[in-house]
Amino acid sequence: MKILVLDVYKDVEHRISKDTSGGYGTGNNFGDTLIPRLLKKTLKKVHDWSPMFVAYTISVLKKNGNQVTFSKELTSNFEDYDLYIVASSIVCCETEINAIKKIKSKGGDVFAIGPFATNQPKIYNDAGATVILGEPEFYFLQKKHYVEDLKKKIITFDHSFELDDLPYPDWKTIITDPKKVSKLFGNYSTIPMLATRGCPYSCFKYCVYPLQQGRKVRQRSPKKIVDEMEYWKKNMNIKMFVFRDPVFSINNKHTIEFAKELINRKLNVKYIIETHLRILDKELIKILKKSGLAAVKCGVESAHPEVLEDANRFTIEKDLQFKKIRELEKNNIQVSSMFILGFPTDKEETMDNTINYAKKLNTTYAQFSVWTPYPGTPIFNEYKNKIITKSYEESDQYNLVYKHNSLDKNIVRKYLDKAYRTYYFRVSWILKFVRSFIFA
Ligand code: SF4
């Protein structure tokens, strides 16, 4: 079968990722004054990859003997294909719907895949697509023929596959220049990587990751993860891996096995993880560093425990956060801390305090975004009648999309802009940034 896998994006000056926020996607629209605009334009050039479920889907489709083309836009010869698979997201939803309608107007068959279509299938059904609910790579792993399923609106399926049953994601088809995938932590050839899926933490009420991946952690064998890293090093000269697990190292034993395997194989590669500070201790940090850990992204979210508690965000004491971040830095591991403004109980004062706390932590990078109630998450029921935006694409995590008790959209944008402007325009941050790269 000739298949076109489409991963379309709206045309904006900031970076859009469909791989973040559990596959719903985010748009890094930092702000509208000079520094935030410079930052968002720069990020767009140095940090970009398609969702992992797309890379896995392509590899499975090829394994099944299909001829697969990947594109970020509807190609001029798009009518030549037997089947179209569209990667869904909230952040480019209307753009995807337009592409589906265009294909349908020419009589094409379309599957919509991914977490957003899984949770909001009607939007994609109404445009004419058949929605595959759940993890599409596993659907294609068990199904070789799709004609009957394309007559349905929604496809549900059970499977007993494990993550290790998947072939390696087909980054060769998707990534034309691995040097452009992520330069945030150095100018290395980079690709995304997966060790685990699923997250058991209490913030599942507003977080998208557990929606698609589940709250139970599924993990790949440490040996197979390192086998894959070795494969990419040999075949694409990859030197840096961005782990896309929602929380890397939930299982300490599994992580230590992985790190030891990586050390024993002497691959000499680096990697970046996203994790919860609670998980990290001195011993784990040491072994991860020895195995190549270059940078950690961690959610701090707010300076106010009561704001986090209200949103069911599990956190640790500020002093402990500070100590763990400094421990990482002492081991020359760069840190990117993530903060959220516009929580339901945030006020101007608490957002200001969060920005100041970020400056106090003074990590190599700080990311500020806006709290967003996402369709499909348990908390959305409380907010569905308070949504103030007209399009799904506005839910890019950089806009206030709901009626807040004390803040409005413009005030939150103002604080977001202020956060980026004042965080990155400081001598102490410039010194930290330079130092962290000298010793990395
Ligand atoms: S720790 Fe919370 S925010 Fe992070 S992936 Fe898990 S549920 Fe989501």
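Biologist: What is the volume of the second largest pocket?

Modeller: About 270 Å³ for the second largest pocket. Before we go in, this is a predicted model: local features need pLDDT of at least 70, side-chain atom pairs count only at pLDDT 80 or more, and totals for chains, interfaces and linings use all residues. Residues are numbered from 1 along each chain as its sequence is written, and side-chain values use heavy atoms, with hydrogens and water left out.

A pocket here is an open set of points on a 1 Å grid over the protein atoms alone, where a 1.4 Å probe fits, with protein on both sides within 12 Å along at least five of seven lines. Its volume is the space filled by probe spheres set on those points, joined across faces, edges and corners.

The lining (residues with an atom within 4 Å of a point) is made up of Y9, K10, V12, H14, R15, I16, K44, D48, K72 and E73. By type, that is 6 charged, 3 nonpolar and 1 polar. Asp, Glu, Lys and Arg count as charged, Ala, Val, Leu, Ile, Met, Phe, Trp, Tyr, Cys and Pro as nonpolar, and the others, Gly among them, as polar.

P51 counts as buried because its relative accessibility is 0%; buried means under 20% relative accessible area and exposed over 50% (1.4 Å probe, protein chains only). S17 is 34 residues from P51 in sequence, yet their C-alpha atoms are 7.7 Å apart.

P51 belongs to the loop joining α1 (34-46) to α2 (52-63); helices are DSSP runs (H or I, at least four residues) and strands are E runs of at least two, numbered from the N terminus. So let's step back into α1. Its 13 residues should span 18 Å at 1.5 Å a residue, and its end C-alpha atoms, 19 Å apart, agree with that; the expected span is 1.5 Å times one less than the number of residues. P36, K40, L43 and V46 are the buried residues of α1. They cover an arc of only 135 degrees around the axis, which puts them on the same side of α1; the arc is that of the directions from the helix axis to the C-beta atoms. L34, L38 and K45 are exposed on the other side.

What does that buried side meet? The buried residues of α1 pack against α16 (409-424). α16 has 16 residues and reaches 23 Å from first C-alpha to last, close to the 22 Å expected. Its buried residues include V412, Y415, L416, A419 and Y420, along with R413 and D417. Besides α1, they pack against β15 (334-341), α14 (348-361), β16 (365-370) and α17 (427-438).

Technical notes
Contact means heavy atoms within 4.5 Å.
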